[in-house]
Amino acid sequence: MNEEELIKKAYEAQQFSYSPYSGFQVGAALLAKSGKVYTGCNIENAAFSPTNCAERTAFFKAVSEGEKEFAAIAIVGNKKDAPPEEWEFCTPCGVCRQVMLEFVNPEEFCIYSGKGNDVKTFTLKELLPESFSPGMVK
Ligand code: THU
């Protein structure tokens with residue numbers, strides 16, 4: 001599974017975004033080291049704070065099915081019906097970065113942010129430097 005294929009899966013998951021409040025539709029596709037892909041979308045809530053981001057949906061689906069090792073995640077996001085020229089690279093929010101850190105090696109785990117056919121690649125370490133990490137508590 002290469003990054004283009006993972007981005008395609010993120011776009012497929014984006015279709016299921018439940019985002020009646022923000023209208024911002026996010027899709028994610030998480031590649032486990034087992035080779036299996038877990039997709040996720042954002043799921044909003046009238047009370048706002050229970051909203052779950054696409055990335056966390058994907059992680060929680062995977063972990064709840066026994067996966068604990070992950071290679072990469074692809075993320076796409078844009079306002080509903082926005083024309084391609086208005087799309088942006090969607091990078092994970094701070095809470096999702098912290099959730100990722102719980103399960104991955106931040107120097108190896110890759111985050112692919114897609115915008116149409118363009119991809120920006122980051123490691124988690126780049127997006128969450130000087131992090132509060134599981135090793136500090138365990
Ligand atoms: N959102 C995500 O799903 N992932 C991100 O990386 C950023 C934000 C969602 C949360 C909310 O439903 C909407 O996008 C607007 O913030």
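Start at Ala54, where a backbone N or O atom lies 2.9 Å from an oxygen atom of the ligand. Polar contacts here are pairs of N or O atoms within 3.5 Å. This is a predicted model, in which local features need pLDDT of at least 70 and side-chain atom pairs count only at pLDDT 80 or more, while totals for chains, interfaces and linings use all residues. Residues are numbered from 1 along each chain as its sequence is written, and side-chain values use heavy atoms, with hydrogens and water left out.

Stay on the ligand. Select Asn42: a polar side-chain atom lies 2.9 Å from a ligand oxygen atom. Next, Glu44: an N or O atom of its side chain is 2.5 Å from an oxygen atom of the ligand. Now show the surroundings, which include Ser22, Phe24, Val26, Thr51, Cys53 and Thr91 (a heavy atom within 4 Å).

Move to helices α2 (residues 54-63) and α3 (residues 94-101). Helices are DSSP runs of H or I, at least four residues; strands are runs of E, at least two, and both are numbered from the N terminus. The two axes, lines fitted to C-alpha atoms over the stretch in contact, are 9 Å apart at about 25 degrees. That makes α2 roughly parallel to α3 (angles under 35 degrees).

Select Glu55, Arg56, Phe59 and Phe60 in α2; they meet Val95, Cys96, Val99 and Met100 in α3 (heavy atoms within 4.5 Å).

Finish at Cys110, in strand β4 (residues 110-115). Cys110 touches Ala71, Ala72, Ile73, Thr121 and Phe122, leaving aside residues up to four places away in sequence. Phe48 is 62 residues from Cys110 in sequence and 29 Å away in space, C-alpha to C-alpha.

Terms used
Axes are lines fitted to C-alpha atoms, for helices over the stretch in contact, and angles run from 0 to 180 degrees between N-to-C directions. Angles under 35 degrees count as roughly parallel, over 145 as roughly antiparallel, 65 to 115 as roughly perpendicular and the rest as oblique. A polar contact is a pair of N or O atoms within 3.5 Å; within protein, one must be able to donate a hydrogen and the other to accept it, and residues adjacent in sequence count only if both atoms are side-chain atoms.
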